[in-house]
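Trainee: Could you walk me through reading aromatic pairs and a chain interface? I would like the general idea before the details.

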Amino acid sequence: MKIIDIVQLIEGKLLTFPNQNINEKEYLKAFACDLMSDCLAYVNVDNCLLITGLANQQALRTAEMLDIDCIIFARGKKLSKEMLELAKENNMTLIATQYTLFEVSGLLYQAGILALKI
Amino acid sequence: MNIKFEFDIYHDDYQRAGSASSEIKKYLAQIGLSPKLIRKIVISSYEAEMNVVIHSFGGKLKIEIEDNHISLTSVDTGPGIENIDLALTEGYSTASQKVREMGFGAGMGLPNMKKNSDTFEIESSPKGSIVKLSWVIV
């Protein structure tokens with residue numbers, strides 16, 4: 001699934017995105033979690049989205065270590081200026097949505113995004 | 001090749017936490033290691049870095065890169081791990097509520113470092129802890 005379709009589906013707002021090729025990448029899987037320790041323990045695939053309600057720098061750092069370049073922030077979380085700067089530095093796409101983690105996950109799952117096998 | 005980097009890690013500094021591992025990641029990508037190996041190394045280094053930030057009085061993260069071997073060491077100044085066996089058990093954590101609210105403290109750190117490295121050693125006393133990890137570059 002491409003970023004543009006994800007944003008549309010979850011009525012999201014694109015907060016940061018790399019300048020080029022934003023719609024070239026196809027995301028296949030997603031992991032929804034507020035616990036970064038678990039993300040670090042279980043995410044081991046490429047082309048994976050992170051869906052979280054944890055709006056702090058650690059969410060971005062965790063994603064960076066896991067080669068996740070797109071994070072969806074659920075529950076209308078507000079992100080700090082520092083977070084947006086850090087995301088831009090690392091060419092990361094951040095999307096914010098009012099939907100809950102459950103709703104975002106359900107919508108994406110219905111649209112064909114798969115779960116990780118852990 | 002023999003390259004060494006050393007980073008100071010400060011207790012409770014959540015603003016900078018992860019920046020050492022981020023630099024390590026960028027360097028490892030530059031020298032052309034496989035993404036899979038880089039991921040294993042930086043997951044471990046980030047866990048180690050967070051452990052020093054969360055649990056210690058402060059310390060250092062060191063990485064040494066040789067032609068076919070990488071070693072990563074975290075050294076801190078205490079207060080040490082009371083029971084290493086328990087600390088290595090998945091789900092066991094002494095982290096505070098504040099740390100859990102930051103998304104950490106699930107008791108997965110040390111087990112995850114062990115899982116992602118080729119060798120794993122840990123020593124601890126009230127004066128501090130040393131965690132040594134290594135990977136073979138194939």
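Mentor: Gladly! Keep in mind that this is a predicted model. A pair of aromatic rings is described by the distance of the centres and the angle of the planes.

Trainee: How many aromatic pairs are there over all chains?

Mentor: The count is three aromatic pairs over all chains. One of them joins B:Tyr46 and B:Phe104, with 5.8 Å centre to centre and 80° between the planes. Planes over 60 degrees apart count as edge-to-face, so this pair is edge-to-face.

Trainee: Which parts does the pair of B:Tyr46 and B:Phe104 tie together?

Mentor: B:Tyr46 sits in helix H2 (residues 35-55) of chain B, and B:Phe104 in the loop between helix H4 (97-101) and helix H5 (109-116) of that chain, so the pair links parts 58 residues apart in sequence.

Trainee: Are B:Tyr46 and B:Phe104 buried or exposed?

Mentor: Both B:Tyr46 and B:Phe104 are buried. Elsewhere, B:Phe5, B:Phe7 and B:Tyr27 form one aromatic cluster.

Trainee: Now the interface, please. How much area do chain B and chain A bury between them?

Mentor: About 2000 Å², with 49% of it on carbon and sulfur atoms. Chain B brings 25 residues to the contact and chain A brings 24 residues.

Trainee: How many salt bridges are there between chain B and chain A?

Mentor: There are four salt bridges, including the one between B:Arg39 and A:Asp46 at 2.5 Å, N to O.

Trainee: Which helix gives the most to the side of chain B that touches chain A?

Mentor: That is H2(B), with seven residues. The residues on this side of chain B comprise 11 nonpolar, eight polar and six charged.

Conventions:
Residues are numbered from 1 along each chain as its sequence is written. Chains are lettered from A and ligands numbered from 1 in the order in which they are written. This is a predicted model: local features need pLDDT of at least 70, side-chain atom pairs count only at pLDDT 80 or more; totals for chains, interfaces and linings use all residues. Side-chain values use heavy atoms; hydrogens and water are left out. Rings of Phe, Tyr and Trp (its six-membered ring) pair if their centres lie within 6.5 Å; planes under 30 degrees apart count as stacked, over 60 as edge-to-face and the rest as tilted. Helices (H or I, at least four residues) and strands (E, at least two) are DSSP runs, numbered from the N terminus. Buried means under 20% relative accessible area, exposed over 50%, partly exposed in between (1.4 Å probe, protein chains only). Contact means heavy atoms within 4.5 Å. Buried area is the accessible area (1.4 Å probe) that two parts lose on being put together, summed over both. A salt bridge is a side-chain nitrogen of Lys or Arg within 4 Å of a carboxyl oxygen of Asp or Glu. Ala, Val, Leu, Ile, Met, Phe, Trp, Tyr, Cys and Pro count as nonpolar, Asp, Glu, Lys and Arg as charged, and the others, Gly among them, as polar.
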